[in-house]
Structure formats: structure tokens, C-alpha cells
Amino acid sequence: MPGLAPYAAFEAQSRGRRFDEPPARYRSEYQRDRDRIIHSTAFRRLVYKTQVFVNHEGDLYRTRLTHSLEVSQIGRSVASALALNEPLTEAICLAHDLGHTPFGHAGQDELNDCMQEFGGFEHNLQSLRVVDELEAKYADFPGLNLMFETREGILKHCSKANARELGDVGERFLKREKPGLEAQIADLSDAIAYNNHDVDDGLRSGLLSIEQLRNQALFADALQEVQERYPGLEDRRLIYETIRRMIGTVVTDLVENTKANIDAAGPASIDDVRKAGRTLVALSPEVTEQHVSLKRFLHQHLYSHEKKLEMTRRAQTIVRELFDFYIVDPGRLPQEFAARAVGEESAIQARVVADYIAGMTDRYAISEHERLLC
Ligand code: MG
């Protein structure tokens, strides 16, 4: 691709797909990955999966789908500003939450508890499982058969034991290498997106107030700028103008600080990036501190809010009871899942049950729980 930095991901040097395929006629290979992700069933389900607020709590809150789109927009801007591979960044961002359970982190943590004896459950690993195995669409291969670099980016973290089982994408965790810059961008874009949109949703829901956020430098500085420029602006627009400035500050810092890191490390190729010994895509120390402080604030005041905890407890009960129901008799799973589970050893059965539950949307999990267990 013309105009890419030498340390970007180049398709010609890619480690390719697991199953060989003829090249696409009009698209690059990473564009093709992006398109496969958007056409996947798991991607469509994200619209009914919780980001922070359960889908039915309100029509205007972020869902996993709109979160993924916001991550992707941030990632694309940063990738193009740094002359990196934008379609690859976009593909990783859009796929990063495909393995998420219903009910956000409450669902993931409960499913992980249910799976303790059977190797646990981790949504990040599950995202890879979705694109490598669970999507059943193509006649010639399981999953979406994505490019190595897309899969490498989806697998953000991984234990050594899992890494050994995962083959090519697991290797870097054993060698202590970093992924390409596009994957590093997708990772930070996720955190930038949720930090900002959760402030917006938190204010919209009334669980957070502008007053509380005044202690947060990122919010307070942007708010002050808006109030000085537009005195008397009503809250809705005030909040939006503040948040767009917060995103602007963090994204600009990310581009500039990453440029400086790249200049200092001087990588000549994606392999140099992988062997750089540290993550080159990073915020400056000052903005990191503000960003982490906001993240902590959200944990304390939004994600652990009493109103949220009620939902968390309900989600845990639903996930636990569905798991217990199917693990006793996997024959009651829908037919394509039952076929993979019946007669198999218990670890395989448990994994199939986890795949099924992880794939549920919030409202499907709620209605199945009601139908089967209430
Ligand atoms: Mg995410």
C-alpha cells in the first residue's frame, strides 16, 4: 500500500490466513477481514449486548455495537495520522468484543466462575474463538479465516498455558513480544472510547453528575474551556462539547507521544515493532495519569454504583442458572450445540455450554432464563 510507514503491517509480508484462499479482486486482504467481521452473526448480536447499561434500560445508551464502532473510529483516525494500516486497525477494533457475554463484565465474570474447573472463560480469548471457530458461514473452513495480524490484534492478552495451545497467535506471549502497531492502537482506542462514552452515558443516566466529575482533570479542563467560550450553554450541549474536547486531547496526545516513541525506537519493520521490548503506542505520562484517574473514577462511581450492582446480581443469577441447567443435560442445548456436546467429556461439554451462553444477547438470556427456569 502506498504511503504506509515502513513499520506498518504490509499485506505482502503478512503471515497470511490459516486456510489459503485466492485474493479478493477489488479489496485488500484487511478490508476483506473487516467486511467478514461486519457480516458475522456475532457482530450483529453486539447491538443487544450490554456495554454498561443493559440494553433495555434505555434506547440511547451505548451498546457493545456502538461501542465497537466508536473504538473503530478512534483507531482509524490514529492509524491514518501515523501512516499505519487503517483497514487492519478497523478490523481489529470491530472484532475486539465479538466474544463478549451478555450483561457486560458481570456476565463475563460469572461465566468465568462457572468455567473454573474447565479452564475458565475470558471474553478476549472468546473473541478469537468466534472468528477462528464458532462462526459457521463458509463452506471451506471454520470461522472467518482472518489474516494473522487481525487475529494477533484480537488476542490482547493470554496466559502462558493458553498461549501454548493457540499456536501461531499465542507465540508472542511465550516470546514476550508485542503485536504490531495497529493492534496496539486498537487496544488503547478501546479504553479511550469507553472512558469517554461512559462519562456521557453516566451523566445521561443521572448516576454521575458534572459536579462529581470536576475533580477529573481531563473533564475539568475541557469543561472550563467550553464554559469560557460558551457561557450559559445548556447541559446537553455543554456535556457533548466537553466530551469531544476530552477525546480530542487524548487522541492528539496519543498520536504525538507515539510518534516520539517510534522516533526514539527507530523500528524499520513490523518485526522490529514486535521485538521493541515495549509498547510504542502510548499516551504521555501526564495524560496517562489523567486517563487512568478517570478510569478509576468510573469504576468507583459508575460501574460500582448501587443501581448497577442490582443489575450485576441479576445478571449473575441468569448466567449461573442457565449454565447449571445446560451442564446437567447438554442434550437440551439447541441442536447445533448439542451435536458438539452430547457424549463428549465434561470439559468439552462445559465449553460448548459456555459458547452458547456467551453468544446470547441480553434479552435472549433474560427470556431463556424466564422460559426455562422461572
Ligand atoms: Mg471494548
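Me: Which side chain meets that of Arg36 in a salt bridge, and at what N to O distance?

Reply: This is a predicted model, in which local features need pLDDT of at least 70, side-chain atom pairs count only at pLDDT 80 or more, and totals for chains, interfaces and linings use all residues. Residues are numbered from 1 along each chain as its sequence is written, and side-chain values use heavy atoms, with hydrogens and water left out. A salt bridge requires a side-chain nitrogen of Lys or Arg within 4 Å of a carboxyl oxygen of Asp or Glu. The partner of Arg36 is Glu21, at 2.8 Å.

Me: How many residues apart in sequence are the parts that Arg36 and Glu21 tie together?

Reply: Helices are DSSP runs (H or I, at least four residues) numbered from the N terminus. Arg36 lies in helix H1 and Glu21 in the segment before H1, so the pair ties together parts separated in sequence by 15 residues.

Me: Is Arg36 buried or exposed?

Reply: Relative accessible area under 20% is buried, over 50% exposed, and in between partly exposed (1.4 Å probe, protein chains only). Glu21, at 22%, is partly exposed. Arg36 has a relative accessibility of 7%, so this residue counts as buried.

Me: Which residue forms a salt bridge with Asp355?

Reply: Asp355 lies in helix H18 (residues 346-359) and its partner in helix H6, 226 residues apart. Both residues are buried. The closest N and O atoms are 2.6 Å apart, and the partner is Arg129.

Me: Which protein residues are donors of the magnesium ion?

Reply: Donors are N, O and S atoms within 2.8 Å of the metal (3.2 Å for Na, K and Ca); water is not among the atoms, so sites may look incomplete. The donor residues are spaced H-x28-H-D-x92-D in sequence. Lying 2.1 to 2.6 Å from the ion, the protein donors are His67 (NE2), His96 (NE2), Asp97 (OD) and Asp190 (OD).

Me: Why is the pair of Phe19 and Phe141 stacked?

Reply: Rings of Phe, Tyr and Trp (its six-membered ring) pair if their centres lie within 6.5 Å; planes under 30 degrees apart count as stacked, over 60 as edge-to-face and the rest as tilted. The centres of Phe19 and Phe141 are 6.2 Å apart, and the pair is stacked because the planes stand at 20°.

Conventions
Helix = DSSP H or I, 4+ residues; strand = E, 2+ residues; numbered from the N terminus.
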